[in-house]
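Dear colleague,

Here is the structure I promised to send. My notes on it follow below.

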Amino acid sequence: MVPKDDSAPLPSPTLRFEKRAVRNGASIVAGVDEVGRGPLAGPVVVAAVILNRRKIPDGLNDSKVLTPEVRAALYDEILASATVSVVAAPTSIIAELNILHASLWAMRRAVMGLSIAPDHLLVDGNIVPRGLPCRGEAVIGGDGLSLSIAAASIVAKVTRDRMCEIMHCEEPHYGFASHKGYSAATHFRALETHGPGRYHRMDFAPCAEAETRRRTGVMIGPLLPAGWAPAPPKAQMDLFEQSAAA
């Protein structure tokens, strides 16, 4: 008896959302996705992509389910055939606005940077930034559902990974090339040993704690004051945030 396989592959993204937007009157649909909200270091990167319907690369999918080699190959194909805009919000913007607002800041700028103006946006997640030049539609899990968002996720992921490799060249003791700034055990050990570097997000608690340990010489226990929290974003940036249905 052959054991039942409960891990059936997930369906691949399609043009379902794009075609629905066209039926509702849209002509040019762009997919938007971000990469890098969770890491302790490095930028958050947003890509906006308008696919060429006649030259859609085969194998587009959520960047997280693809190997680095496949992502790199698809990245080249997307840039060769689609209209693409990429914006990175550095750690200074993240510290000033907070990570959510920095992501929305980059989303808006990526859309505005497209050389062809879209009239409908498919945005991965459940929040659409305000101030966009056209209607935005939030799609939860969109990088696994929409080919346009999947393409944007690949471009953003490859771009950010390459930025992390440059960060690694400048500060190799943190190991950015391997963990890309995420909360890996090797990253925490490097923070304990060296304290935070120029690319760390000092409004993230582990980085702030590591800096306190570096200054005080005390290497055990969380050292943030009771009730510590990152500074709230500037009030005017609330204008960029808008909850949206999936």
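From the N terminus on, the elements of the protein chain come in the order α-β-β-α-β-α-α-β-β-α-α-α-α. That makes eight helices and five strands; helices (H or I, at least four residues) and strands (E, at least two) are DSSP runs, numbered from the N terminus.

Before the details, two points on the source. This is a predicted model, in which local features need pLDDT of at least 70 and side-chain atom pairs count only at pLDDT 80 or more, while totals for chains, interfaces and linings use all residues. Residues are numbered from 1 along each chain as its sequence is written, and side-chain values use heavy atoms, with hydrogens and water left out.

Overall figures

Of the 246 residues in the protein chain, 49% count as buried. Buried means under 20% relative accessible area, exposed over 50%, and partly exposed in between (1.4 Å probe, protein chains only). The protein chain exposes about 12,300 Å², and carbon and sulfur atoms supply 56% of that area; the areas come from the Shrake-Rupley method with a 1.4 Å probe, and for residues only the protein chains shown count as cover. Contact means heavy atoms within 4.5 Å. Among contacts in the protein chain between residues at least 6 apart in sequence, 66% join residues at least 24 apart.

Thr159 and Tyr75

Thr159 belongs to helix 5 (residues 147-170) and counts as buried because its relative accessibility is 17%. Apart from neighbours within four places in sequence, Thr159 is in contact with Val45, Tyr75 and Val86. Tyr75 also has Arg162 over the face of its ring, at 4.7 Å from the ring centre. A charge sits over a ring if NZ of Lys or CZ of Arg is within 6 Å of the ring centre and within 35 degrees of the ring normal.

Pro196

Where is Pro196? Pro196 is in the loop between helix 7 (185-194) and helix 8 (205-216). With a relative accessible area of 15%, Pro196 is buried. Not counting residues up to four places away in sequence, Pro196 touches Tyr174, Leu191, Met202, Cys207, Ala210 and Glu211. The C-alpha atoms of Pro196 and Cys207 are separated by 6.0 Å, with the two residues 11 apart along the chain.

Cysteines

A search of the whole structure finds zero disulfides, a disulfide being a pair of cysteine sulfur atoms within 2.5 Å. Cys134 is buried, at 16% relative accessible area. Cys164 also counts as buried, with a relative accessibility of 0%.

Regards
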